[in-house]
Amino acid sequence: MRLARPLVLTLLSVLLFSTSAWAEMRYYVVPKVDSGGVQGIFPKYTDPGALGVGWNVGPWQAMDYGLENVFILALNLTAQDHTTLTSQPDVLAVPSPIDANVSALALNTIQTKLEAGNIPADWVTTALTYRQCLSRVLRIITFMQRFRGTFGQLFAGGATLDTRINQLPVNARTALTQAAQSMGADVSTITGTTLIRAALVIVADQILPGGLAFGGDTF
Amino acid sequence: MALPATDSFTGTSGTQLHTYNASWTEQRASDLHCEISGAGGGTPNTVRAAATGGSEAAAKWDGDTFTADQYSQAKAVNASNYAGPTVRMVGVTAAAENGYVALIDGLAIDLQRIDNGVRTNLQGGIGSIASGDTLKLEIVGTTLKVYVNGVQVGTNQTDSNYATGQPGIAFIGSGAELDDWMADTIPTGAGGPPFVLVAN
């Protein structure tokens, strides 16, 4: 019964929004595209015409995950355009409403697609809401942005989410510590044997306690 | 100098920006220079990117010290081309240019980040802008906001890549002109909407 409720809510929301011109702010995980022009690097499928004649997502907002090939994208699409976008194999749509618990049906897809982008997701469970998941993911992204801005790419030279901190080059370790501390995080519980996936979560859970603005919402 | 920093770009057409006013530092000197407009066309006493020599131009104001929380604004003289105010800018070569820009993009606005001279679009197609409008970019902590004539467009943007830097201006191509630039620090706690006191 518990598992069925989010599914019913999702189906209900699809039915409701299918008759409205503009639905609600929704969140997607999409790859990066480099225009080589005015747009610079931008989230895939946000450029007019990307998914056919007349395709136009309107105003959009995104956060990129350091130098990884990932944007979290906030869009307010029609139900039809949402369906078109989510039919793309490289798009992960966060189910709606985001205050519902993660469904058992969606759990594996969420974990697989996030981890494919080097975003740790082993902590995602059906006990969490999509909002709680987004909140943590957005903070992981924000931390990695600071690291990128001061150092560069973390997942380079063979490093993965399951790499231990003491397997990283010393300058990368130092930069991680400095990036975390510059955002007010206490890194004393992170040791040399801590996996990167765990370290990212430890830091993410400490930063931006006042809220993180994204897509017109606060996480 | 005293803040706010201002510049109305009243100078000899064709003069490179850093020559016209030593408070400006060119950030893409091997790409395009910023210059006082009007030579060979354009609007005198405004600023633009030089017509030839590269693809993008940027300059930051080093004549004052700014805190990390700051804003930069400029008037759009030609609102259909690509230019805008920048914040937290560092670097004096294209390869080292970092910071944020509110970019006029075809009568709408993009909020972009510049990483080692390469731009990443964070918000696209937000708001609208016309010639004569003032475009403002503000950053407080990790929150960026864009305003047109004092009204916020788009939504609050969280980005933590760059923690410090100087305000300035940036151009893509040579068609845009800006005027009446202004920048200042934002006092701690001054971000967001003003407080309204209501008597009990």
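Me: What makes a residue of chain B count as buried, and what share of the 200 residues is that?
Reply: Buried means under 20% relative accessible area. In this predicted model, 54% of the 200 residues in chain B fall in that group.

Me: What makes the radius of gyration of chain B agree with that of a compact globule?
Reply: Set the two values side by side. With 200 residues, a compact globule would be near 16 Å, and chain B has 16 Å, so they agree. Along the principal axes, the C-alpha atoms of chain B fill a box of roughly 60 × 35 × 30 Å. As for its elements, chain B has one helix and 15 strands.

Me: Why is A39(B) called partly exposed?
Reply: Partly exposed is the range between buried, under 20%, and exposed, over 50%. A39(B) has 36% relative accessibility, so it lands in that range. You'll find A39(B) in the loop between strand 3 (34–36) and strand 4 (47–49) of chain B.

Me: What does A39(B) touch, leaving out residues up to four places away in sequence?
Reply: A contact needs heavy atoms within 4.5 Å. By that rule, A39(B) touches S13(B), G14(B) and R48(B).

Me: Why are L107(B) and N116(B) called partly exposed too?
Reply: The cut-offs again are 20% and 50%. L107(B) has 46% relative accessibility, so it counts as partly exposed. N116(B) has a relative accessible area of 41%, so it is partly exposed as well.

Me: What is phi in L107(B) and in N116(B)?
Reply: Phi is near 70 degrees in L107(B), a positive value in a residue other than glycine. For N116(B), also a residue other than glycine, phi is positive and near 50 degrees. L107(B) belongs to the loop between strand 8 (98–105) and strand 9 (108–115) of chain B, while N116(B) is in the loop between strand 9 and strand 10 (118–126).

Me: How do you know that the buried residues of helix 2 of chain A are on the same side?
Reply: Start with who they are: A79(A), H82(A) and L85(A), in the helix that spans residues 79–86. They cover an arc of only 120 degrees around the axis, which puts them on the same side of helix 2 of chain A. There's a general rule here too: an α-helix has 3.6 residues a turn, so residues three or four places apart point the same way.

Conventions: Residues are numbered from 1 along each chain as its sequence is written. Chains are lettered from A and ligands numbered from 1 in the order in which they are written. This is a predicted model: local features need pLDDT of at least 70, side-chain atom pairs count only at pLDDT 80 or more; totals for chains, interfaces and linings use all residues. Side-chain values use heavy atoms; hydrogens and water are left out. Helices (H or I, at least four residues) and strands (E, at least two) are DSSP runs, numbered from the N terminus. The radius of gyration is taken over C-alpha atoms; the globule rule is 2.2 Å times the number of residues to the power 0.38. Buried means under 20% relative accessible area, exposed over 50%, partly exposed in between (1.4 Å probe, protein chains only). The arc is that of the directions from the helix axis to the C-beta atoms.
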